[in-house]
Structures are given as structure tokens and as C-alpha cells.
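Please load the model in the viewer and keep the sequence panel open beside it.

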Amino acid sequence: MGGLIVLEKARPQGTKRWTNSGETHESRSLKHRAERETREIPIPPVLVELLREHIATYGTAEDGRIFRTSTGGTYSSSAHSYVWQEARKLAFTPEQVASSLAARPYDLRHAAVSLWLNAGVPAVEVAKRAGHSVDVLLRVYAKCMDGQQDQINGKINDALGS
């Protein structure tokens, strides 16, 4: 059985000079949503299991954040970037490391959305999970749909009873 992540707010990183609180991570309402409006993201069972194991092992920060430093703080973007680049070196060939393949953690978002679309998940559901409108989803990701003509023709034939 899958799970559900409920996002209540965002904490983007900026410089202290550009935040109202003077902190590098400032709590805000979710992008394109009213204050206190939440966003629900269904997640598959394998991710539920991974998150439960992580929380059982490491706990959460006082404010409920799942990922935190050993003192309960927030990781900086430079820390994320450093660990990401080290992980790429371990996971990829030297040629892949030198390429732009998964150059940033954010690239995983694009990979996930492309995977979902190519797996046949309806665009409305993919858009909901990614936090996009269907219009934006199709405009940005339509080019990721490749090599599925035979499968699609088969579905149309089945629907036509051919």
C-alpha cells in the first residue's frame, strides 16, 4: 500500500539579506497556493518503506523535517551539491561524470516525471504529483515521450476492438 506526503509550506534557501526573517531558510506558503493550503503527493510503497526506515533510524527535527543535520539544522545548498557530486563519482562512469547527466539533484525531478509519463501514468496524475498544471507538464515534458508508437497503436487497436 502506498502513502501520502502532505506538504504544508516551503523553506527555500536565500541569502539572509533577501529574507524577511534574516534567516537563510524562510518558511513560506507553497508556490502558487494560498496561505495554509497544502499539497498532497501520493507515493509508492517502496518510498514509504524507505522513509519509515530513515525516520526510525534518524528521527526528525523538532519542526518535523525529515532531513536535518546532526544538530537539527538545515543543510545548505552547498552541502547538498558537494554530496551530490561525490555520489555521482561513485555511481557513474568517468564519461558520465564529465557529462551533464544528473548534474544537479533537481535533475532527478525531471527524471521522475519522465519516468512516470513513459510508464503510462495519466498526465493529470503526473501533473498533480509534480505540482504542475497539465498545460505546463505537457509543454515541458512532451519531448520525453519517445519510442512508444507500437505500444500506443496497440492500445488504440484494443480500444477500437480491432
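Select glutamate 125 and arginine 129, whose side chains form a salt bridge with an N to O distance of 2.8 Å; a salt bridge here is a side-chain nitrogen of Lys or Arg within 4 Å of a carboxyl oxygen of Asp or Glu. About one helical turn separates glutamate 125 from arginine 129, because the two are four residues apart in helix H5. Glutamate 125 is partly exposed at 24% relative accessibility, and arginine 129 is partly exposed at 23%. The classes are buried (under 20% relative accessible area), exposed (over 50%) and partly exposed (in between), with a 1.4 Å probe and protein chains only.

The model is predicted: local features need pLDDT of at least 70, side-chain atom pairs count only at pLDDT 80 or more, and totals for chains, interfaces and linings use all residues. Residues are numbered from 1 along each chain as its sequence is written, and side-chain values use heavy atoms, with hydrogens and water left out.

**Other salt bridges**

The structure holds five salt bridges. Select aspartate 135 and arginine 139 next: their side chains meet at 2.9 Å, N to O. Both residues lie in helix H6, four residues apart, about one turn of the helix, and both are exposed. Then select aspartate 63 and arginine 65, a salt bridge at 3.0 Å, N to O; aspartate 63 is partly exposed, with a relative accessible area of 48%.

**The whole fold**

Colour the cartoon by secondary structure to see seven helices and two strands; helices (H or I, at least four residues) and strands (E, at least two) are DSSP runs, numbered from the N terminus. Along the sequence the pattern reads β-β-α-α-α-α-α-α-α. Of the 162 residues, 16% are buried.

**The largest nonpolar core**

Which residues make up the largest nonpolar core? Select Val113, Leu117, Val126, Ala127, Ala130, Leu137, Tyr141 and Cys144, eight residues in all. Such a core is a set of buried Ala, Val, Leu, Ile, Met, Phe, Trp, Tyr and Cys residues joined through side-chain atoms within 4.5 Å. H4, helix H5 (123-130) and helix H6 (134-141) each supply at least two residues of this core, and H5 gives the most, with three. Centre on leucine 137: leaving aside neighbours within four places in sequence, leucine 137 is in contact (heavy atoms within 4.5 Å) with Val113, Leu117, Ala123, Val126, Ala127, His132 and Ala142.

**Helix H1**

Just after H1, glycine 59 takes a positive phi of about 70°.

**Loops with positive phi**

Most residues other than glycine have a negative phi. Select arginine 36, where phi is near 70°; this arginine lies in the loop between strand S1 (3-7) and strand S2 (39-43) and is exposed at 75%. In the loop between S1 and S2, also select glutamate 35, which is 26 residues from lysine 9 in sequence and 8.6 Å away, C-alpha to C-alpha.

Finish at alanine 102, where phi is near 45°. Alanine 102 sits in the loop between helix H3 (94-98) and helix H4 (107-118). Is alanine 102 buried or exposed? At 16% relative accessibility, alanine 102 counts as buried.
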